[in-house]
Amino acid sequence: MPLFGISDSFRIARFHAMVLVMSVTAITAIAQAPHSSGKATERVVRQYEKLIADGALLTPEGWKKTSGIFGRSNPYPENGEVQLTSQAGLIGEVWVRGDRAEVERKWTDFSGSIDSDLRYKPAMPTIDVIPAIYDYSLEFTNRHVEIEEGGSASEVLGPWGWKIEGPQSERWATVEKAIIYVRKMRDKSDDPAIKKNANKTIAILKRLKAGCGSGSAC
């Protein structure tokens with residue numbers, strides 16, 4: 001997710017590493033935990049994918065809830081694009097090395113995006129036929145860093161566990177949840193142009209949901 005970001009993340013996306021400084025005690029805990037956690041890394045990614053499927057990333061409250069599974073999160077991008085994808089597909093742990101891990105997700109139906117004016121932007125034609133790979137980088141940590149609107153950072157310590165490195169910075173949604181979101185934003189707006197964009201986008205998303213292409217009349 002986030003599955004991690006990301007304007008071009010539907011090609012090959014990955015979260016970049018953050019430097020993790022730890023004490024000797026923390027290092028000992030890390031050395032032990034990954035070996036006893038099995039596929040705990042995959043569970044974190046599946047949790048994030050479920051939040052996407054639930055539409056959590058489309059509201060400030062849901063964004064805040066999701067931020068807890070990231071090592072670092074940015075403020076809610078209210079005017080940012082919404083990237084469209086399916087529910088979780090094939091997810092698999094690629095490797096674990098001490099306090100670092102990588103989990104891979106594959107899917108074939110990146111469905112485009114919606115901009116801040118509720119206009120739909122289709123996916124690149126090649127995305128419809130070439131499987132895309134999304135790489136999640138994870139770290140075993142007890143820290144979460146939140147970046148405030150003004151750019152200041154605050155750090156929260158909690159229990160040790162696997163987190164997506166981040167930063168959490170882009171909104172993702174399924175087509176089904178995107179339809180609900182666009183309707184809500186359309187009804188809140190007084191701008192005729194945005195309402196027109198929304199109606200056109202909703203019609204496209206309904207075709208996508210039905211399994212038709214964005215240019216199909218079905």
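1. Is helix 2 largely enclosed by the rest of the structure, or largely open? Helix 2 is largely enclosed, because 10 of its 14 residues are buried. Buried means under 20% relative accessible area; exposed means over 50%, and partly exposed lies in between (1.4 Å probe, protein chains only). The buried residues are A40, T41, E42, V44, V45, Y48, E49, L51, I52 and A53.

2. A word on the model. It is predicted: local features need pLDDT of at least 70, side-chain atom pairs count only at pLDDT 80 or more, and totals for chains, interfaces and linings use all residues. Residues are numbered from 1 along each chain as its sequence is written, and side-chain values use heavy atoms, with hydrogens and water left out.

3. Now the geometry of helix 2. Helices (H or I, at least four residues) and strands (E, at least two) are DSSP runs, numbered from the N terminus. Helix 2 covers residues 40-53 and reaches 20 Å from its first C-alpha to its last. That is close to the 20 Å expected at 1.5 Å a residue; the expected span is 1.5 Å times one less than the number of residues. Just after helix 2, G55 takes a positive phi of about 80°.

4. Next, the nonpolar cores. Such a core is a set of buried Ala, Val, Leu, Ile, Met, Phe, Trp, Tyr and Cys residues joined through side-chain atoms within 4.5 Å. The largest has 24 residues. Y48, L57, Y136, L138, W162, I164 and W172 have the most contacts inside it. Helix 2, strand 5 (100-107), strand 8 (132-147) and strand 9 (153-164) each supply at least two residues of this core. Its largest share, 6 residues, comes from helix 2. A second, separate core has 18 residues, including L84, V182, I202 and L205.

5. T66 lies in helix 3 (residues 60-67). T66 is buried, with a relative accessible area of 0%. Leaving out residues up to four places away in sequence, T66 touches Y48, L51, A56, L57 and Q168. Contact here means heavy atoms within 4.5 Å.

6. Y76 sits in the loop between strand 2 (72-73) and strand 3 (82-84). Y76 is buried too, at a relative accessible area of 15%. Residues up to four places away aside, Y76 touches L57, L58, T59, P60, W63, E149 and R171. The C-alpha atoms of Y76 and E170 are separated by 8.4 Å, although these residues are 94 apart along the chain.

7. How do helix 4 (residues 175-188) and helix 5 (residues 192-209) cross? Their axes come within 9 Å and cross at roughly 165°. Axes are lines fitted to C-alpha atoms, for helices over the stretch in contact, and angles run from 0 to 180 degrees between N-to-C directions. The two helices are therefore roughly antiparallel; that label needs an angle over 145 degrees. Among the residues that meet are V175, I179 and V182 in helix 4, and A198, I202 and L205 in helix 5.

8. Two backbone details deserve a look. Most residues other than glycine have a negative phi, and most peptide bonds are trans. L118 has a positive phi, near 65°. L118 is found in the loop between strand 6 (113-114) and strand 7 (120-121), and is buried at a relative accessible area of 3%. The peptide bond from G166 to P167 is cis, with omega near 10°. P167 is found in the loop between strand 9 and strand 10 (171-173).

Terms used
Parallel < 35°, antiparallel > 145°, perpendicular 65-115°, else oblique.
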